[in-house]
Amino acid sequence: MIDLASTSIADLGAALREGRVRAADLVAQVAANRDEDLGAYKLWLPERAASAAAMADAAFAEGLDFGPLQGLPISVKDLYGLAGSPTHAGAPRALPGAWEREGPVVRAVRSGMGCVVGKTHTVEFAFGGIGSNPHWGTPKNPWSREVHRVPGGSSAGAGVSLWEGTAVIALGSDTAGSVRVPASFTGTVGLKTTWGRWSLDGLVPLSPSLDTAGILTRSVADAALAFSVIDPRCPAPPVAGDVSQLRFGVVEELFDGCAPDIVAAVRTAIRELEDKGASVFRFSLPGLDAAQGVFAAGGLAAPEFVAFINRELPDFRPTLDPNVRERFAAVEAMPATEYLDRRARLARAADEANAALADVDGVLCPTTPLTAPRLDEVAHAQGYRERNMATLRNTSPGNLLDLCGLSLPVGLDVDGMPIGLQILASRGADESLLGAAGAVEGVLGSARQRLGSPRGASPA
């Protein structure tokens, strides 16, 4: 039997095509791997997955190949529409049936005969980076079995589903870091695509100006394969580059205020890249100050989310998470001129940042300034606000400056919690980013190689 939790998508695909394993076997292993104590899923769909696996096996038997995801288990954030399944978006009750409609991202996975195993928990309406949810509970970070630590959000169950061995790809979304933060907190790989690269149709919106669809995987190599299936413009998986041919800028300002363990792990990783020939130099990211200033003032997400709720789902407002609802009054009092000024400032800053990034393969920094906090540290408003803002500090510029970005794991802190390295690249450079990240992974090793596993297994 193949170990689903530690086998790459490419190797799983080879095993399926050579008849060494069936999709039905993988789905059965998924069911055995599910750990309800971790709480990754809002909606568990074993019958649906088994049916999809049977169709994938039948297609293989007839010599029909629908691509790299055929027969593989995939989790979907409960922000995406999935035909025949309710969408809660983290709210206490299901959204109207129109939000079950599937968009191009889910259709790409399903038309490739991927097997959707369930819908993973999300922060309510994706508005938060911690991963907590007062209505349905907060998934447990798999790296902390004894003490409940958060998994990162808003794609809260995504990274958890990968480590527990119930999915090899997790669909998520990223508005200020909601793919990269859970990837960093759970020791997985998270890809934030360029805004507009993947359709947002069929995805409950938070901030249409900033929302991006994305994926979490167990390795950059897996992410490249998944990207080639979902992306309408990428016919083949981006190939890992040669790290000695790459130029990386280091954004020193984004190291300030980071926990010492995080700084040490990221700098160690950067030195390893230099030792293998990468060109690494200090880089000042134009527009960073403007992006951080707008984010600290509430960004674009808050007013756009308030407008969406008031317009489309007003009856959901009274039951919103108090950490979200308490912000409504201030947002509604904001003049329209302030919102428009923020958009104009960000547009100028984004153009400056993207022009500067044209000469580098990516810029490097810690993904988050802190590792996954304990749930009790974010249980009260003040602790939540402080840690939520800190968590999103380094990732939000990727959205506000219209960049693409990726987080990959580089170490563990003193408590054994994962630490992420973020690579940001210019808008539209998604394939190049994956190629550069693949080269980085080739030097540093995959998550399992570098970190081991949450259950204490030695690195493979």
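This is a predicted model: local features need pLDDT of at least 70, side-chain atom pairs count only at pLDDT 80 or more; totals for chains, interfaces and linings use all residues.
Residues are numbered from 1 along each chain as its sequence is written. Local features need pLDDT of at least 70 and side-chain atom pairs pLDDT 80 or more, while totals for chains, interfaces and linings use all residues, and side-chain values use heavy atoms, leaving out hydrogens and water.

**Exercise 1.** Find which residues of helix H14 are buried, and what they pack against.

*Solution.* Start with residues 381–391, which form H14 (helices are DSSP runs of H or I, at least four residues, numbered from the N terminus). Next, pick out the buried ones (under 20% relative accessible area, 1.4 Å probe, protein chains only): Gly383, Tyr384, Asn388 and Thr391. Now look down the axis: these residues fall within an arc of 120° (taken from the directions from the helix axis to the C-beta atoms), so they line one face of H14. Finally, check their contacts (heavy atoms within 4.5 Å): the buried residues pack against helix H6 (180–186) and helix H11 (322–325).

**Exercise 2.** Describe the lining of the largest pocket.

*Solution.* A pocket is an open set of points on a 1 Å grid over the protein atoms alone, with protein on both sides within 12 Å along at least five of seven lines; lining residues have an atom within 4 Å of a point. Begin with the count: 29 residues line the largest pocket, and Phe127, Phe295, Gly298, Ala302 and Arg327 lie nearest its centre. Then turn to the helices: H9 (288–296), H10 (301–312), H12 (328–332), H14 and H15 (396–400) each supply at least two lining residues.

Technical notes. Buried means under 20% relative accessible area, exposed over 50%, partly exposed in between (1.4 Å probe, protein chains only). On a 1 Å grid over the protein atoms alone, a cavity is a set of points where a 1.4 Å probe fits but cannot get out, and a pocket is an open set with protein on both sides within 12 Å along at least five of seven lines; lining residues have an atom within 4 Å of a point.
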